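Here is my note on this chain. Please read it with the structure open beside you.

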Amino acid sequence: THNMYKEYRDVNINGAVSQMYAEMAGRHRAHPNTIQIINTATLKSSECKRDHVTEMHDNSLKYPVVRKLPMVTKNLRSTFQARRPMTFVR
């Protein structure tokens, strides 16, 4: 038996519980039927303890805007192409 305190960032509690099950299976090889959840709660930003959660509380945090180009029209598309595929967004 082990006790753990975990914090997850998600839009709802169900998503956070799913993250917890996935992490416990990946890191600790724990099966879902062996995990007992004692308590779940939504925390304010002042109550968070873990560094990976508190680093996202900065209001000046900005992400790059990804602009995707529209798809090519149907008559210009081809099923098989003779060039290598693009692995990045233009």
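Which residues of α1 are buried?

1. **What you are looking at.** This is a predicted model, in which local features need pLDDT of at least 70 and side-chain atom pairs count only at pLDDT 80 or more, while totals for chains, interfaces and linings use all residues. Residues are numbered from 1 along each chain as its sequence is written, and side-chain values use heavy atoms, with hydrogens and water left out.

2. **Overall form.** The protein chain has 2 helices and 0 strands. Both terms are DSSP runs, numbered from the N terminus: helices are H or I with at least four residues, strands are E with at least two. The radius of gyration of the chain is 21 Å, whereas a compact globule of 90 residues would have one near 12 Å. That radius is taken over C-alpha atoms, and the globule rule is 2.2 Å times the number of residues to the power 0.38. The C-alpha trace spans about 60 × 35 × 20 Å along its principal axes.

3. **Burial.** Buried means under 20% relative accessible area, exposed over 50%, and partly exposed in between (1.4 Å probe, protein chains only).

4. **Helix α1.** Now the opening question: the buried residues of α1 are G15, A16, M20, E23 and M24. Helix α1 covers residues 13-28. Its 16 residues should span 22 Å at 1.5 Å a residue, and its end C-alpha atoms are 21 Å apart, which agrees. The expected span is 1.5 Å times one less than the number of residues. After α1 comes R29, with a positive phi near 55°.

5. **E23.** Look for E23 in helix α1. Is E23 buried or exposed? E23 is buried, because its relative accessible area is 16%. Leaving aside neighbours within four places in sequence, E23 is in contact (heavy atoms within 4.5 Å) with K6, Y8 and H28.

6. **K68.** Now turn to K68, in the segment after α2 (51-54). K68 counts as exposed, because its relative accessibility is 66%. K68 and A25 are 43 residues apart along the chain, and their C-alpha atoms are separated by 35 Å.

7. **Contacts along the chain.** Take the contacts between residues at least 6 apart in sequence. Of these, 35% join residues at least 24 apart.
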